[in-house]
Amino acid sequence: MLCTRLTNARFLTMDPDHPVAHDVGIWQGRIAGLDEAVTSLPAREVIDLQGATVLPGFVDAHVHLAWTGFKQNTASIAGRTRIDDVLAVVAEAVTRTRAPGDWVSIAGYDQRALGRHLTAADLDKVSDGRKIFLLHDSGHGCVVNTAVLDLLPADIPHENGFLAEQAMGAARALRLPHSQEDLAQAIGRAARTCLAEGVTACAEAGIGGTLFGHSPVELGAYQLARDKGLLPLRVQLMVSGDRLRPVSAHETDGIPRALDLGLRTGFGDDRLSVGALKIYTDGGMMARTAALSSPYEGLGHTGQLQDDPEALADLIVDGHLAGWQLAVHAIGDRAADVALDALDRAQRLRPRPGARHRIEHAGLIRPDQLPRFARLGVSAVVQPNFLRYFGDDYASIMGVERAPWLYRGRSFLDHGIPLVGSSDRPVADGSPLRAVQFMVERASTSGQVIGSDEGITVDEALRAYTVAGAHACHWEDSLGSLSPGKRADLVVLGDDPRRVGTSRIGDIEVVETYVDGRPSRPRV
């Protein structure tokens, strides 16, 4: 007997052997069969989906759950365009603290909306003895007041209180880590938001590190969230590369650096597991720290790498030698050169054809770099919503020649490079459907088309968020398509993305999300 049979729906299975179905049978959290294989079988429950369209649950291959959850509960200056209005928000947050010396966190900082960066002097006017920390929306910088600057070593670089990349990490290190309980609650909030948008599995893009980590025991917070029933979807955890340390393993192992006990990609189960090793090579375009091979338009600089290129390359190689899948953050084309060179060297030292290494973001990729991606078998894990919301700005700072190279689609596919969809939530909107719309039409919210030749089909965009996402996370045996034997993770939509006008895809309603055959909103 089936546990559940879902009927009267258009199931877009993403399985070429059975691309469309009308019935799906579920038994013990897995898909038992499709159509005639299950239609006549008894079931404890038969659910009429009333003609809805159903897809495999979306896989978001690059998110920041804890950051998302904390941001949802943090005072924000998003949308403010006047310095005085921003300072008013900061002043109000200061009044809610208990004593001088407390930290005040503010979200939503983006200098582009204000026309210039805030300064420490600006914040000093309203800090009243508190330590002020405004996190840049990109996650690659912050603005702090003098009370924080006074605590930093003298050699930490900043521009009137704006700290970028590793300098920001030094400021973060001054603060006590979040408790596992607070982290678990934040993770749970973010996970529920993902689920409401049809995401049933995601890869948390870096725990425990200097830039984006929240605690040296952050993995334990995810275990706590699961134990407390706060983790309603599947999560794979990328470990920050700066957590590796030298080890004295047996010489035949060939492992110069490792995580404690040799933990690496693949440990865990279908609900919570360790994924790739996350390595940052550069910053971000919003903060103007993505590393380019030629200057930003009108700015006269080329961004920055996170470290000396050789040091970055050594870390990438050591991670490969230790058996990790690698997720290398590289937004600018110069950073991509560093990543590709290192991955090439790593594969020559110890060939691992099945490693499935990934370039996270691949924001600006030159034409000559595409064949290298393909030859190395590297996936491009892109964030289409970056261009949907920030595309006008990105196109202007790249210029006419480079703008079409931003967050490519068609070029990756035509070169045989796996194209993987993701959000980088909370940096940008996390909706897979809105991202799918952009991947097809390549239009920003203003209507500007960016890289029209990079547009792909709706089917290809849906694959990026299902089949390709599962493959990038080594989940292809259990997720990514509605195939017999796979997990019954699926999303019920109010319309068919392949049949509506492209401009309507992003507005399709997510009616319900199922994980292991169970709806996120229990039926009454």
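What follows describes a predicted model, beginning with the sheet.

Eight strands make up an open sheet with parallel pairing, in the order 6-11-12-15-16-17-18-19. The edges are taken by strand 6 (58–63) and strand 19 (419–421); each has a single partner strand, so one side of each has no neighbour in the sheet. On average, and with direction ignored, neighbouring strands of this sheet are turned by 25° against each other. Within the sheet, strand 15 (residues 272–280) runs parallel to strand 16 (residues 326–330), and four bridges join the two. Tyr 280 has His 329 of strand 16 opposite it.

The next topic is the packing of nonpolar side chains. In soluble globular proteins, nonpolar side chains tend to be buried together. In this model the largest nonpolar core has 121 residues, and the members that touch the most others are Phe 373, Leu 406 and Phe 412. Helix 8 (residues 180–196) contributes the most to this core, with eight residues. To return to Phe 373, its contacts beyond four places in sequence include Leu 340, Ile 359, Ile 365, Val 378 and Ile 417. Phe 412 and Ala 362 are also among these contacts of Phe 373.

Most residues other than glycine have a negative phi, and most peptide bonds are trans. Ala 362 is not a glycine, yet its phi is positive, at about 45°. Ala 362 sits in the loop between strand 17 (358–361) and helix 12 (370–376). Its relative accessibility is 0%, under the 20% limit, so Ala 362 counts as buried. Arg 288 also has a positive phi, of about 65°, although it is not a glycine. This arginine, Arg 288, belongs to the loop between strand 15 and helix 10 (309–321). With a relative accessible area of 15%, Arg 288 is buried. A further backbone feature is the cis peptide bond between Arg 425 and Pro 426, with omega about 10°. Pro 426 is in the loop between strand 19 and helix 15 (432–441).

Empty space is the remaining topic. Rolling a probe the size of a water molecule over the atoms shows where empty space is left. The largest pocket holds about 1200 Å³ of space. Its lining consists of 40 residues, and those nearest the pocket centre are Phe 70, Ser 105, Arg 175, His 178 and His 214. Helix 2 (65–72), strand 7 (103–109), strand 8 (131–136) and helix 7 (166–172) are the elements that each give two or more residues to this lining. Strand 7 gives the most, with six residues.

Strand 8 also contains Leu 135. Is Leu 135 buried or exposed? Its relative accessibility is 15%, so Leu 135 counts as buried. Leu 135 touches Trp 67, Ile 106, Gly 108, Tyr 109, Gly 141, Cys 142 and Met 168, leaving out residues up to four places away in sequence. Between Leu 135 and Tyr 109 the C-alpha to C-alpha distance is 6.0 Å, with 26 residues separating them in sequence.

Four cavities of 30 Å³ or more are present in the structure. The largest cavity holds about 110 Å³ of space. It is lined by 18 residues, with Ser 138, His 140, Ile 331, His 361 and Asp 424 closest to its centre. Strand 15 and helix 13 (384–402) are the elements that give two or more residues to the lining of the largest cavity.

Methods. Residues are numbered from 1 along each chain as its sequence is written. This is a predicted model: local features need pLDDT of at least 70, side-chain atom pairs count only at pLDDT 80 or more; totals for chains, interfaces and linings use all residues. Side-chain values use heavy atoms; hydrogens and water are left out. A nonpolar core is a set of buried Ala, Val, Leu, Ile, Met, Phe, Trp, Tyr and Cys residues joined through side-chain atoms within 4.5 Å. Buried means under 20% relative accessible area, exposed over 50%, partly exposed in between (1.4 Å probe, protein chains only). Contact means heavy atoms within 4.5 Å. Two strands pair if DSSP finds at least two bridges between them. Axes are lines fitted to C-alpha atoms, for helices over the stretch in contact, and angles run from 0 to 180 degrees between N-to-C directions. On a 1 Å grid over the protein atoms alone, a cavity is a set of points where a 1.4 Å probe fits but cannot get out, and a pocket is an open set with protein on both sides within 12 Å along at least five of seven lines; lining residues have an atom within 4 Å of a point. Grid points are joined across faces, edges and corners, and a volume is the space filled by probe spheres set on the points.
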